[in-house]
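Here are my notes for a first look at this model. Please keep the structure open and go through the points in order.

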Amino acid sequence: MAVRHSEVLSPEGFRVDGRRANEARRLRLRLGASPGADGSAYVELGNTKVLATVSGPHESIRKGAHDAAALHVELTTLPFASGVYRAHGRSDRASQELCAAVRKSFEAVVQLHLYARTQIDVAVCVMQTDGGVRSAVVNAVTLALVDAGVAMEDFLCACSVGAVGGVLLLDPNAQEDQAGSELSIAYLPRSERISAVQLESKLPASSLDEVMNVAIEGCKQMFDIMRGAVQIRTQELLHSRGMFNA
Amino acid sequence: MASAAEQRYTLHGVAADLRDDGRARLDFRPLSLEVHLFPQASGSARAVAGAAEVLVGVTAELAAPPADAPDMGQVLLSIDCGPAASAARLPEYAAAADERLLWLEEALRALFSRESIPEALRTLCIARGTQCWVLRVHAQLLRLDGCPLDLISLAAAAALAATRVPRVSGGGADELGGGKRQRAAGGGKQDLDLDESLDESVPFDCSTLPLYVTLANIGGYAVADATAHERRAAGSTLSLALSPAGRVCALRGGGGFGLHLQLAGEMMQLASQLCAQLHADAKDAIAQALADAEGRRWPAGEGTAPGFLA
């Protein structure tokens with residue numbers, strides 16, 4: 001179904017929720033949101049809300065590689081996440097795919113060789129979904145791993161771009177998501193590499209470059225906020241031990 | 001598993017009426033309660049007590065009432081505890097880890113049955129025999145510690161207290177009121193007008209909801225709100241669900257070598273006294289949580305951040 005330009009952007013250039021085309025929703029973060037866990041992070045991307053907890057590295061229960069840690073990712077989407085009750089089983093295809101993608105991306109970023117014969121468990125709880133779940137999950141897992149003190153090569157920051165009726169919209173919400181195609185990207189900001197990219201539905205090949213650039217700009221914005229949150233958390237921790245006065 | 005020395009330490013502490021965290025035998029842990037966390041849910045709450053944390057969300061659906069109770073809506077409960085492995089950390093209600101969740105669900109379903117809250121369920125009925133509200137309550141155990149029954153029943157009560165369902169009027173009713181109206185052709189029998197504006201929505205009456213109190217038998221003493229650590233030293237436990245009017249709605253007990261009849265009687269007495277106290281405290285806590293949500297101008301407010309950001 002074709003969507004007209006005017007349905008996506010008002011004549012003044014505003015989207016349905018009042019943002020401009022290149023504006024992401026408010027990203028709110030909290031490291032250490034779940035006090036009992038080794039590491040945890042809560043991420044709010046507009047109305048999308050995700051909690052990631054990390055336990056480990058601890059002794060491996062399952063038999064894995066002898067020279068590297070095993071990374072396990074489990075994802076739960078709460079039945080009331082979208083507003084309409086939907087029981088998501090553990091074998092839900094979409095969440096399994098997302099789990100596998102997250103694990104694959106992070107296996108390259110986490111320095112697994114430092115934790116031989118151990119395993120790192122990541123549990124993600126998707127509490128509310130309103131577009132950009134993939135990005136919120138990746139960002140939350142990055143921050144939870146940082147909070148757990150797991151060595152990583154780089155941050156992994158994710159952002160999505162929607163192409164609806166010929167307009168590029170940064171960080172589309174669920175409503176915009178359904179109207180057009182969405183490209184989501186996981187980016188390593190310090191080494192300037194793309195870790196994963198996924199495109200849903202079709203997009204003219206000529207505009208791919210532009211879409212990627214917009215997405216990477218979005219990832220860089222996410223990175224700035226995420227780095228800020230990590231710095232604040234680190235200062236809090238130093239402060240609580242009387243090691244830092246600022 | 002706790003070592004023999006650790007168990008002895010717990011037993012001696014309980015005997016001296018001074019537990020690990022400084023509580024007396026019948027003290028509860030301080031409770032922190034928040035409501036209205038998620039704008040996309042009809043109602044939501046988060047309860048934290050000690051190291052235990054529960055998140056509850058409510059979604060309202062239109063459905064046909066059950067054939068044997070045509071004038072009642074339904075409250076359906078589901079429970080999950082995150083990663084598959086974490087069910088093993090639940091108290092040993094059943095041998096297999098995944099059966100423990102089922103046990104919990106069964107025990108809590110009794111609270112929302114037709115027998116325990118008939119009046120509240122009747123208010124969920126829209127048109128006798130054709131249309132009613134079904135409130136689907138989901139409790140997610142984010143962190144486990146001690147007595148999940150107690151905390152879930154409390155968090156569910158808070159979430160239901162925060163739940164508002166759209167006001168419904170029969171088809172062809174006058175178009176008074178400013179709210180956005182949506183036509184729902186439900187059940188194919190009757191056209192209904194849903195008033196989606198928040199001012200016009202109807203709160204769920206949760207004044208008769210029962211709450212669970214769990215008492216653990218540790219060395220012959222009844223201990224309220226035991227932590228996971230204490231439960232390992234506990235012989236058996238007794239969970240009693242009482243309505244605010246003092247009627248028993250559900251009872252679960254067992255574990256260890258069983259309860260001596262005399263002790264069981266004493267524990268029931270104690271539990272019913274504690275439950276009355278708990279109902280009073282819960283009512284205050286829920287009222288406070290609702291007022292706090294009002295204070296941050298729910299649902300549009302940009303005030304102090306709730307929930308996990310606080």
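1. One definition comes before the rest. A residue is buried under 20% relative accessible area, exposed over 50% and partly exposed in between, with a 1.4 Å probe and protein chains only. P70(B) has a relative accessible area of 22%, so P70(B) is partly exposed.

2. Now the ground rules. This is a predicted model, where local features need pLDDT of at least 70, side-chain atom pairs count only at pLDDT 80 or more, and totals for chains, interfaces and linings use all residues. Residues are numbered from 1 along each chain as its sequence is written, chains are lettered from A and ligands numbered from 1 in the order in which they are written, and side-chain values use heavy atoms, with hydrogens and water left out.

3. Stay with P70(B). Where does P70(B) sit? Its place is the loop between strand 3 (52-63) and strand 4 (74-80) of chain B. Helices (H or I, at least four residues) and strands (E, at least two) are DSSP runs, numbered from the N terminus. P70(B) touches P65(B), C125(B), R128(B) and G129(B), leaving aside residues up to four places away in sequence. Contact here means heavy atoms within 4.5 Å. V213(B) is 143 residues from P70(B) in sequence, and their C-alpha atoms are 32 Å apart in space.

4. H36(B) is also in a loop of chain B, the one between strand 1 (31-35) and strand 2 (43-49). Is H36(B) buried or exposed? H36(B) is buried, at a relative accessible area of 11%. H36(B) and L290(B) are 254 residues apart along the chain, yet 7.9 Å separates their C-alpha atoms.

5. Chain B as a whole has 6 helices and 15 strands. Of its 310 residues, 49% count as buried. Take the contacts in chain B between residues at least 6 apart in sequence: 68% of them join residues at least 24 apart.

6. Look next at a helix pair in chain B. The axes of helix 2 (residues 97-109) and helix 4 (residues 148-161) of chain B come within 11 Å and cross at roughly 50°. Axes are lines fitted to C-alpha atoms, for helices over the stretch in contact, and angles run from 0 to 180 degrees between N-to-C directions. Angles under 35 degrees count as roughly parallel, over 145 as roughly antiparallel, 65 to 115 as roughly perpendicular and the rest as oblique. Helix 2 of chain B and helix 4 of chain B are therefore oblique to each other.

7. Who meets whom in this pair? W103(B), L104(B), A107(B) and L108(B) of helix 2 of chain B meet P148(B), L149(B), I152(B) and S153(B) of helix 4 of chain B. By class, this contact has 7 nonpolar residues, 1 polar and no charged. Ala, Val, Leu, Ile, Met, Phe, Trp, Tyr, Cys and Pro count as nonpolar, Asp, Glu, Lys and Arg as charged, and the others, Gly among them, as polar.

8. Turn to chain A. It has 5 helices and 9 strands. Along the sequence, chain A follows the pattern α-β-β-β-β-α-β-α-β-β-α-β-β-α. Buried residues make up 50% of its 246 residues. The C-alpha atoms of chain A fill a box of roughly 55 × 45 × 35 Å along the principal axes.

9. V211(A) lies in helix 5 (residues 208-240) of chain A. V211(A) counts as buried, at 1% relative accessibility. Leaving aside residues up to four places away in sequence, V211(A) touches V161(A), L168(A), L183(A) and L203(A). V211(A) and L168(A) are 43 residues apart in sequence and 7.1 Å apart in space, C-alpha to C-alpha.

10. Helix 5 of chain A also has a helix partner. The axes of helix 3 (residues 133-147) of chain A and helix 5 of chain A come within 11 Å and cross at roughly 25°. That makes helix 3 of chain A roughly parallel to helix 5 of chain A. N139(A), T142(A), L143(A), V146(A) and D147(A) in helix 3 of chain A meet M222(A), M226(A), V230(A) and R233(A) in helix 5 of chain A. These residues divide into 5 nonpolar, 2 polar and 2 charged.
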